[in-house]
Amino acid sequence: MKKERLILVLLVLALLLIFWNLGERPFFGVEGRWAEAAREMVLRDSWFVPTINFEPHVTKPLIPFWLIKISGMIFQGFNEFTVRLPGALIALVSLVVFYIGVTPLFSYPWNLIASGLLLTSVGFLEFSRLAQSEIYQLFGIITALAFYIHFRDKKSFLGYLGFFGGMVIGGLSKGVTSFAVLLTLPLIDAIIEKRFYHVNWKSILAGTIALGLYFLPYYLTAQELKSQIPFYLWIRENLQQAVNPYDNLRPFYIYFLYWPIWVAPWSLFLFAALVKFIKKFKKLSKEERLFFLTSIFIFLVFTIAKARRGYYLLPILPFSIILITYYLKNHADWFLLKLYRLVEHCLVFLPLISLLILPFLKLSLSYTLSLSLILGFLFQVIVFFLFKKEDFFKTILHFAIVEWLVFTVIIPCYAKSSEKEAGLFINYLLSKNPKATLCQVNNPVANVYFYAHIPKKVEAFTSSQTCDVIIIRKALPKEIENLSLKEYKIITFKAQKDPSKTYFIFYRNFK
């Protein structure tokens, strides 16, 4: 009964962390690319050629576009919630699959603790609430990992197909990084445990089927475009980017920063695990050695690759969580555990302290936010008294309540977007005059197009054109400055920190 109760608590916690206020925050970063491309796919009745401003956008794999499109079709419209919902559902399923996957490695309660660590890690939680491809890729990696763990000792066609199938899901969500990450695990396992027997006709057949399924969407995209450019872009975005990248040139040490960030708030356990496992390498169990070496090798592969961005390293997360769980179960340092318990006690009062900190930072406190902070404090007190005997699971719950307040309440409350404001204003103008002619300057980003819900391509502005609405990004060019202010009204949506997100809208009077 105790086990079922804690599983229910973790499930409720996951629902709150992933779904609460999911649609409140304006699109952040590149979310609009996935949203707008899926919206235009519906308008164009296409399944294989995403577009942005009705121009092909085929540099990204298709699974996120498909699921966002299906969500919009089911709910008969696109907004922040319907666009983020597929990723949130995928995140929830990933958590369940991870729990099932690690059960052969960890008996209760450690399988539950491992799942709680994954759920509350910053990398998992942040991307589960964003309409981006990272969480879809992570689902594929976790699925393949679960199949590998369960069928590790068997020559099973189903096991091979599940492993390669997860790899394909990851590849069709983000790119071939899922292949590089997932092939690392069986390769290291084969070397240190002599598991070369997995190279057999069943695994070759499963791999061939998976490879065919992986390239099928690229073939169908090429057919719809009547061009081989999807295959060229596949080479450029995957192979060329690793050895001779054209963008995302970050310093080699970037992942020394992002590895602990994605694992936070459990980063101290990651550092301790790495040090402990190096010192006791010869005394480690076979499984501990496998996941330690796999984590190190994945880190090195991403560091050596020349194209680097923080979120590229996210696939290391499930391997790191398993590594941390082994550390906590078998090697945990008493001082470090005591330190986390001390922090845990401080977290009980953090929601109440935030009621003072936020006004001090000149951030207004709404009624809803104040009530949420008080509720967060009450949750902390309940956990403190009701879960005293649950040891480390209680620590996870205390951190989770703070993350619930930060990710689902505070961030959406204070998030502002000049791109959303500009897009909604354009949508308002179009509601007044649906036949208005639109032009653009400096290529507005997909977020603006999404919020504007424009039904056709917006052409670039030229002085010879007659435009009813001109959308200008970043700054006013000279040819725009010469426009007659008697003919146009102008409204500015200024971004506080990033000038590239400032928009100027020139528009005629609509009666």
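**Cysteines and one serine**

Visitor: What is the relative accessible area of Cys-413?
Guide: Cys-413 is partly exposed, the class between buried (under 20% relative accessible area) and exposed (over 50%), with a 1.4 Å probe and protein chains only. Do keep in mind that this is a predicted model, where local features need pLDDT of at least 70 and side-chain atom pairs count only at pLDDT 80 or more, while totals for chains, interfaces and linings use all residues. Residues are numbered from 1 along each chain as its sequence is written, and side-chain values use heavy atoms, leaving out hydrogens and water. For Cys-413, the relative accessible area is 28%.

Visitor: Which cysteines form the disulfide, and how far apart are their sulfur atoms?
Guide: There is one disulfide in the structure, a term that here means a pair of cysteine sulfur atoms within 2.5 Å. Cys-439 and Cys-467 form this link, and both are buried. The sulfur atoms of Cys-439 and Cys-467 are apart by 1.8 Å.

Visitor: How many residues apart in sequence are the parts tied together by Cys-439 and Cys-467?
Guide: The link is left-handed, at -70° about the S-S bond. Strands (E, at least two residues) are DSSP runs numbered from the N terminus, as are helices (H or I, at least four). Cys-439 sits in strand β3 (residues 438-441) and Cys-467 in the loop between β4 (459-460) and β5 (469-473), so the sequence separation is 28 residues.

Visitor: Ser-115 lies in helix α5; what is its relative accessibility?
Guide: Helix α5 covers residues 110-120. Leaving aside residues up to four places away in sequence, Ser-115 touches Leu-10, Leu-95, Phe-98 and Tyr-99, contact being heavy atoms within 4.5 Å. Ser-115 counts as buried because its relative accessibility is 1%.
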